[in-house]
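Here is a short briefing on one chain.

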Amino acid sequence: QVQLVESGGGLVQAGGSLRLSCTASISIFSTVAMGWYRQPPGNQRELVASMVTGSTLGGSINYVDSVKGRFTISRDNANNTVYLQMNSLKPEDTGVYYCNAVGRSWSSWGQGIQVTVSS
C-alpha cells in the first residue's frame, strides 16, 4: 500500500497563497501520474491539477480551468514529493484537498487536508 502524506493546508485570506505538499512512500518514478483533487463543501471531488510522473524527462501537466494561471503543480524527485503552489486564492478554492497517485494497477489517496479561504 502506497502511503501519501499531505501537509501545508490552513486558513488564508482571499488573495493569499498556500503551498501543499504530498510525500509518497515510494519513488515518484514508480508512479504513472500524481495529482491534486479537491472537494468543496457539499460538492463532489474534482481534479485540480495532475502531472505525468513516470519519466525522468518530465511529463504533461494539466489544470482545471478555474485554477489556470494561479496554481502550479511541481515535483521534487529526490524527496518523493509533489507540490501544489496556490496563489491568488479565492473563497471558492475552499475545500478538502487530496493527493492522488496512480500506478500501472493501483491508485492511492492521501488523507486529505483542509484549505479555507476567507473573503
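In this predicted model, Y98 counts as buried, at 14% relative accessibility. Y98 lies in strand β9. Its ring pairs edge-to-face with that of W109. R45 lies over the face of Y98.

**Aromatic pairs**

- The structure holds two aromatic pairs.
- One joins Y37 and W109, edge-to-face, with 4.9 Å centre to centre and 65° between the planes.
- Y37 lies in strand β4 and W109 in strand β10 (residues 107-109), so this pair ties together parts that are 72 residues apart in sequence.
- Why does Y98 count as buried? Its relative accessibility is 14%, and buried means under 20%.
- Ring pairs link Y37, Y98 and W109 into a cluster.
- A pair of aromatic rings is described by the distance of the centres and the angle of the planes.

**Charges over rings**

- R45 sits at 3.7 Å from the ring centre of Y98, over its face.
- The charged end of R19 sits over the ring of Y83, 4.1 Å from its centre.

**Disulfide**

- The count comes to one disulfide.
- C22 and C99 form this link, with their sulfur atoms 2.0 Å apart.
- The pair links distant parts of the chain: C22 is in strand β3 (residues 18-24), C99 is in strand β9 (residues 95-102), and they are 77 residues apart.
- The link of C22 and C99 is left-handed, with -75° about the S-S bond.
- Are the two cysteines, C22 and C99, buried or exposed? C22 is buried, with a relative accessible area of 0%.
- C99 is buried too, with a relative accessible area of 1%.

**Nonpolar core**

- The largest nonpolar core has 26 residues.
- Which members touch the most other members? They are W36, L84, M86 and Y97.
- Several strands each supply at least two residues of this core: β3, β4 (33-39), β5 (46-52), β7 (71-76), β8 (81-86), β9 and β11 (113-118).
- The largest share, four residues, comes from β3.
- In soluble globular proteins, nonpolar side chains tend to be buried together.

**Overall fold**

- How many helices and strands does the chain have? The secondary structure comes to zero helices and 11 strands.
- Read along the sequence, the pattern is β-β-β-β-β-β-β-β-β-β-β.
- The radius of gyration of the chain is 14 Å, close to the 14 Å that the globule rule gives for 119 residues, so the chain is as compact as a globular protein of that length.
- Along its principal axes, the C-alpha trace spans about 40 × 25 × 20 Å.
- Buried residues make up 39% of the 119 residues.
- Among contacts with a separation of 6 or more, 54% come from residues 24 or more positions apart.

**Backbone in the loops**

- N80 is found in the loop between β7 and β8.
- Phi of N80 is near 55°, a positive value in a residue other than glycine.
- S88 is found in the loop between β8 and β9.
- Phi of S88 is near 50°, again positive in a residue other than glycine.
- S88 is partly exposed, with a relative accessible area of 40%.

Technical notes. Residues numbered from 1 in each chain as written. Predicted model: local features only at pLDDT ≥ 70, side-chain atom pairs only at ≥ 80, totals over all residues. Heavy atoms only, no water. Disulfide = S-S within 2.5 Å. Buried < 20%, exposed > 50% of the residue type's maximum accessible area, 1.4 Å probe, protein only. Core = buried A, V, L, I, M, F, W, Y, C linked by side-chain atoms within 4.5 Å. Phe/Tyr/Trp six-rings, centres within 6.5 Å; stacked < 30°, edge-to-face > 60°. Lys NZ or Arg CZ within 6 Å of the ring centre and 35° of its normal. Rg over C-alpha atoms; globule rule 2.2 N^0.38 Å. Contact = heavy atoms within 4.5 Å.
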